[in-house]
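Look at the model first, then read on.

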Amino acid sequence: MVTKRVWIPAKGTYSVGSLSDPFNPTLGSLSYDKRPPCEVDLAEAEKQQEGIPYEELIENNKHLEEFLNVASLANLTEVLPTDEGAWNVRGDPTEIAIQIFASRFDWNRNKFTKGENPMWCQVAEFSFDSDVKKMSMVFEKRDSKQQTVFTKGAVERIVGSCSLVHWETGSEITGMTEERRERILDNMEALASQGLRVLAFASKECSGLTAESDHDSQRADVESDLVFRGLIGLYDPPRTARAIAVQVGILPPNVGAIPRDVAESMVMTAGQFDKLSDGQIDALPVLPLVIARCAPNTKVRMIEALHRRKCFAAMTGDGVNDSPSLKRADVGIAMGQGGSDVAKDASDIILTDDNFASILNAVEEGRRMFDNIQKFVLHLLAENIAQACTLLIGLVFKDASGFSVFPLSPVEILWVIMITSGMPDMGLGVEIAAPDIMMRSPQPLKKGIFTLEILVDMLAHGLWMACLCLAAFVLVLFGFGDGTIGEVCNESYSQGCDIVFRARATTFLCLTWFALLLAWGMVDMRRSFFRMQPQSKKYFTQWMYDVWRNQFLFWAIIAGFITVFPVLYIPVINHVVFKHEGISWEWGIVLINAILFFAGVEAWKWAKRIIRRRKAKKNAGNEMTAESRVFGMNANRLDA
């Protein structure tokens, strides 16, 4: 981080040229322009101006001296030369950059505070506080015993604490008006548009402070009625809230075309947001997407505003001041390594590695688990619908005594539920995330897993399975058989029940294989089984890799295919337990039905993709931008 620009109202703009060593104050040229930043193209002016020796800039320049006093003394860092010609720095990066700027004018802190007879003696220190967004140092001049407070901090907070300013060269100090405050903020925006982080400097004479004073109780008085000294722009790309928001996609790409009142609501400073009442916040066309330099209370009010708009709020934080908002949020996330114990106690989740990418990974894992639960439930309930429909419709098949003959026996039903369905369902639970899982909109909490798509899919797959199962039963019993149904075929095998037992075995095999094939079909509920990885170049073989990737599911399905043979052909087990008979030519019906079923599943997913494409095409001119997705109906003016 380095200082690039300084603006002093009564003088103009000072700039620092390119640097090869940001810690060496003797490198880099200095230039000057009497115009403020908002009236000049800073980048172009820097190219055209030649370097000016610092002695010429500081000679008879009281305003620059006052600014450098704040830069040097409201600072806790050290910038010292070594015997080898290098420079050692120690402290906060922001303060280092400011101290190096002061050192360019031979205004180093140590020059005035060290030695046998230092010019300034420190009296008090008011550390940076996230509530007030300021830090101050109080020094006393050795010769005159006059105390002076030097303050730096966030521009809107410093400007709000200033009542005086040197506005023009040669003029006396004058009052700070609202017009001048707006002018200062305009220049801050001009510096920020260059990708600079902007701070404000102020100072004033004071009295009555001692090292033993209760500084906390005096802070409000010490940091009020200040004299505004200027702005400093630090290069730390990109640090402005608007620049960061545009870079990471928080602000929409068409921000220039958005109505002005909406655009102004999207990015605010904490000072602007805090001045609004709850009613005024609720009346905003959109809640701010970015609030710069938040105080603890600002975060709490933002979360409450989100809750009033029925939104779900997550909050990250590490400090003690973040604990109220962490507690108030629906999900509070504290930093595990750098976070305070208070923040950890107030949070719901602790980020052990302090890496925000872990939150992204957690969201992806949560969505994967949600998807897999939906697949599990869809697969299970679709089978249940198929069994229920097959049994209920099968009641129409009656023997000579008038009793219904079941297309499926009780043990066959239990086998499908416990063996054929159970293991593949567990395999679906460990499926990897879909390729587009992080491109989807968040799932509404009120909908749960039973979305409209899941319910329709459940009926479609279940009814298709039932139709094919009943078709197999009817085809064996009446198509290739004579339709003769013996008596008590639900209880025991007899020669008269042979055709019923063979039809029942065919139906059982169809349902079993349908369930196994459906498990593979449910790996992705929308994409084709043969194209589940859309970015893959293996156009004809990718499905093999997808099948083999989840080996638990693979072997569960293979086991399901294999285990039907023992229960079908082993004597006693087939007749007595499962109430069916081994089949021969009926395997042709099973294979054809399996192909028809899988083709039906693929056709259904193809139809869903067509519908989604048409819907997307219809809404092509009305895509939801970030703020629309986040704030829903509260952002309905964005496309006006």
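At what angle do helix α21 and helix α22 pack, and how far apart are their axes?

## Helices α21 and α22

This is a predicted model. Helix α21 spans residues 542-549 and helix α22 spans residues 551-569. They pack at an angle of about 90°, with their axes 5 Å apart. Angles of 65 to 115 degrees count as roughly perpendicular, so α21 and α22 are roughly perpendicular to each other.

On the α21 side, Val 547, Trp 548 and Arg 549 make the contact.

## Helices α3 and α4

Helix α3 covers residues 62-73, and helix α4 covers residues 93-104. Their axes come within 8 Å and cross at roughly 135°. α3 is therefore oblique to α4. The crossing is left-handed.

α3 contributes Phe 67, Leu 68, Ala 71 and Ser 72 to the contact. α4 contributes Ile 98, Gln 99, Phe 101 and Ala 102. The classes are six nonpolar, two polar and no charged residues.

## The second largest pocket

The second largest pocket has a volume of about 460 Å³. Its lining holds 19 residues. Nearest the centre lie Lys 62, Glu 66, Thr 148, Glu 205 and Arg 229.

Which elements give two or more residues to this lining? They are α3, β8 (147-154), β11 (196-206) and β12 (226-235). α3 gives the most, with four residues. By class, the lining has seven nonpolar, five polar and seven charged residues.

How values were computed: Residues are numbered from 1 along each chain as its sequence is written. This is a predicted model: local features need pLDDT of at least 70, side-chain atom pairs count only at pLDDT 80 or more; totals for chains, interfaces and linings use all residues. Side-chain values use heavy atoms; hydrogens and water are left out. Axes are lines fitted to C-alpha atoms, for helices over the stretch in contact, and angles run from 0 to 180 degrees between N-to-C directions. Angles under 35 degrees count as roughly parallel, over 145 as roughly antiparallel, 65 to 115 as roughly perpendicular and the rest as oblique. Contact means heavy atoms within 4.5 Å. A crossing is left-handed if the near helix is turned anticlockwise from the far one by less than a right angle, and right-handed if clockwise. Ala, Val, Leu, Ile, Met, Phe, Trp, Tyr, Cys and Pro count as nonpolar, Asp, Glu, Lys and Arg as charged, and the others, Gly among them, as polar. On a 1 Å grid over the protein atoms alone, a cavity is a set of points where a 1.4 Å probe fits but cannot get out, and a pocket is an open set with protein on both sides within 12 Å along at least five of seven lines; lining residues have an atom within 4 Å of a point. Grid points are joined across faces, edges and corners, and a volume is the space filled by probe spheres set on the points.
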